[in-house]
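Q: Could you walk me through reading a few features of a protein model? I would like the general idea and then the case at hand.

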Amino acid sequence: MTVFRIGEAAELLGVSADTVRRWVDAGRLSATRDEHGHRTIDGAELAAFVRGQGGEPDERTEMSSARNRLRGIVTAVVKDTVMAQVDIQAGPFRLVSLMSREAVDELDLQVGSVAVAVIKSTTVMVERATPPVAPRGRTTT
């Protein structure tokens, strides 16, 4: 079973360790103490908590088969005569979209705009986390 310390769980969730501690103290997320007295969170428990935080899809998802929507801020727009590149920072994730210049102009995408990256793909690559993230989760028997 994989377990995470408070700081490790916070890093995975993109929040502060204090936020995770508050969730534990409020009973929203369960934690136990290891042999050193550190609070730990079971990996399966953390996954269930994150799934529960996802909430219901917004009403726009009913009009589309895409379910992967990342809201963020436009950090760069590079346009030429036909195509454009738009960079979006959505939490810790940088997304780069190549689209027509016409689409960028119609959406009025500018640096500082809020945008939603809608991802629909028939291929999703999944990789196992590599160090430094992989060794942080503790495996116990």
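A: Let's start with Asp18, which is partly exposed because its relative accessible area is 45%, where buried means under 20%, exposed over 50% and partly exposed in between, with a 1.4 Å probe and protein chains only. Keep in mind that this is a predicted model: local features need pLDDT of at least 70, side-chain atom pairs count only at pLDDT 80 or more, and totals for chains, interfaces and linings use all residues. Residues are numbered from 1 along each chain as its sequence is written, and side-chain values use heavy atoms, leaving out hydrogens and water.

Q: Which residue forms a salt bridge with Asp18?
A: A salt bridge is a side-chain nitrogen of Lys or Arg within 4 Å of a carboxyl oxygen of Asp or Glu. Here the partner is Arg21, with the closest N and O atoms 2.9 Å apart. Both residues lie in helix 2, 3 residues apart, about one turn of the helix; helices (H or I, at least four residues) and strands (E, at least two) are DSSP runs, numbered from the N terminus. Arg21 is partly exposed, at 33% relative accessible area.

Q: How many salt bridges are there by this rule, and which residues are linked in a network?
A: The count comes to 5. Lys79, Arg101 and Asp105 are linked in a network. Asp105 forms a salt bridge with Lys79, the closest N and O atoms being 2.8 Å apart. Since Asp105 lies in helix 4 (residues 101–107) and Lys79 in strand 4, this pair ties together parts 26 residues apart in sequence. Asp105 also forms a salt bridge with Arg101, at 3.5 Å between the closest N and O atoms, and these two both lie in helix 4, 4 residues apart.

Q: How should I read an aromatic pair?
A: A pair of aromatic rings is described by the distance of the centres and the angle of the planes. Rings of Phe, Tyr and Trp (its six-membered ring) pair if their centres lie within 6.5 Å; planes under 30 degrees apart count as stacked, over 60 as edge-to-face and the rest as tilted. The structure holds 1 aromatic pair. The rings of Trp23 and Phe49 have centres 4.9 Å apart and planes at 50°, so the pair is tilted. It links distant parts of the chain, with Trp23 in helix 2 (residues 17–25) and Phe49 in helix 3 (residues 43–53). Both Trp23 and Phe49 are buried.

Q: And what is the order of the strands in the open sheet?
A: Two strands pair if DSSP finds at least two bridges between them. The sheet of 4 strands has the order 6-5-4-7, with antiparallel pairing. Strand 6 (93–100) and strand 7 (114–119) are the edge strands, each pairing on one side only.
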